[in-house]
Amino acid sequence: MSNAFSRMSRRVSMALGLGRLTANTDEAASTHTVQVALAGGELRSDVPLLQQVGFHSCPLPGSDVVVLFQAGDRSRGVAVATGDQRSYPRDLQPGDACLYHVTTGARVWLKADGSISISTSGPLNVAASEAVFNCPITSSGDISAKGDVLAGKISLTNHKHPVQAAPGTTGAPE
């Protein structure tokens, strides 16, 4: 009985591993895999990397990784979580959530007060069939448009002004 208990205890203790990624994520196959260095010099290659549906990342070598081993069998591991202690936002407040890029610092910051902050050192590109803002918009930089700009129903490109000194209207803007 103690032998069976000992085997079961060992399997439970071997079911979880904490380690570091030692190579780039292999994204060539349909299931992405990682190489992991675990405690005691144990190295595991081709460990499947599971991620939440709708979210995807390619963790860098040196990132932390949590590996679950099915029934404690160290040859049947699955990486279920990754993190990188070298680079993460250090200014979050209780209740904040942040999606961030580890090398550029670009981020989408959902703040506890209900506001959202988006920051990037590069351009912010939005591709959509339409963008609707139901709020005042403030810009501290220039605004340019390739098409016409409307204020209400008044066209910036095609509007005309009445002439005060003489009858008629002005031509369209040049």
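Predicted model: local features only at pLDDT ≥ 70, side-chain atom pairs only at ≥ 80, totals over all residues.
Is Glu 42 buried or exposed? Glu 42 counts as buried, with 18% relative accessibility. The cut-off explains the label, because buried means under 20% relative accessible area.

## Glu 42 and its partners

Arg 44 forms a salt bridge with Glu 42. The closest N and O atoms of this pair are 3.1 Å apart. Arg 44 counts as partly exposed, at 28% relative accessibility. Side chains of opposite charge can pair when their charged atoms come close.

## Other salt bridges

The structure holds five salt bridges. One of them joins the side chains of Asp 84 and Arg 86, at 2.7 Å from N to O. Asp 84 is buried, with a relative accessible area of 10%.

Another salt bridge joins Arg 107 and Asp 91. Here the N to O distance is 2.9 Å. Where do these two residues lie? Arg 107 is in strand β7, and Asp 91 is in the loop between β5 and β6, so the pair ties together parts that are 16 residues apart in sequence. Arg 107 is buried, with a relative accessible area of 14%. Asp 91 is partly exposed, with a value of 34%. Elsewhere, salt bridges that share partners join Glu 42, Arg 44 and Arg 74 into one network.

## The largest pocket

How many residues line the largest pocket? The lining has 25 residues. His 56, Ser 57, Thr 82, Leu 99 and Tyr 100 lie nearest the centre of this pocket. Its volume is about 800 Å³.

Three strands each supply at least two residues of the lining: β5 (77-83), β6 (97-100) and β7 (107-110). The largest share comes from β5, with four residues. By class, the lining of the largest pocket divides into 14 nonpolar, nine polar and two charged residues.

## The second largest pocket

The second largest pocket has a volume of about 150 Å³. Which residues line this pocket? They are Phe 133, Ile 137, Ser 139 and Ile 143. Three residues of this lining are nonpolar and one is polar. No charged residues take part in the lining of the second largest pocket.

## Helix α1

Helix α1 covers residues 2-13, which makes 12 residues. From its first C-alpha to its last, α1 reaches 16 Å. That is close to the 16 Å expected at 1.5 Å a residue.

How many of the residues of α1 are buried? The count is zero among its 12 residues, and α1 is hardly covered. As a general point, an α-helix has 3.6 residues a turn, so residues three or four places apart point the same way.

## The annotated span

An unreviewed UniProt entry carries the annotation "domain: Bacteriophage Mu Gp45 N-terminal" for residues 24-86. In the model, this span is 0% helix and 40% strand. The end C-alpha atoms of residues 24-86 lie 16 Å apart.

## His 101 and Ser 155

His 101 sits in the loop between β6 and β7. His 101 counts as partly exposed, at 39% relative accessibility. How far apart in space are His 101 and Ser 155? The C-alpha atoms of His 101 and Ser 155 are 40 Å apart. In sequence, these two residues are 54 residues apart.

Note on methods:
Residues numbered from 1 in each chain as written. Heavy atoms only, no water. UniProt positions renumbered as here; feature names shortened; annotations may be inferred. 1 Å grid on protein atoms, 1.4 Å probe; cavity = no way out; pocket = protein on both sides within 12 Å on 5 of 7 lines; lining within 4 Å. Points joined across faces, edges and corners; volume = space filled by probe spheres on them. Nonpolar A, V, L, I, M, F, W, Y, C, P; charged D, E, K, R; others polar. Salt bridge = Lys/Arg side-chain N within 4 Å of Asp/Glu carboxyl O. Buried < 20%, exposed > 50% of the residue type's maximum accessible area, 1.4 Å probe, protein only. Expected span 1.5 Å × (residues − 1).
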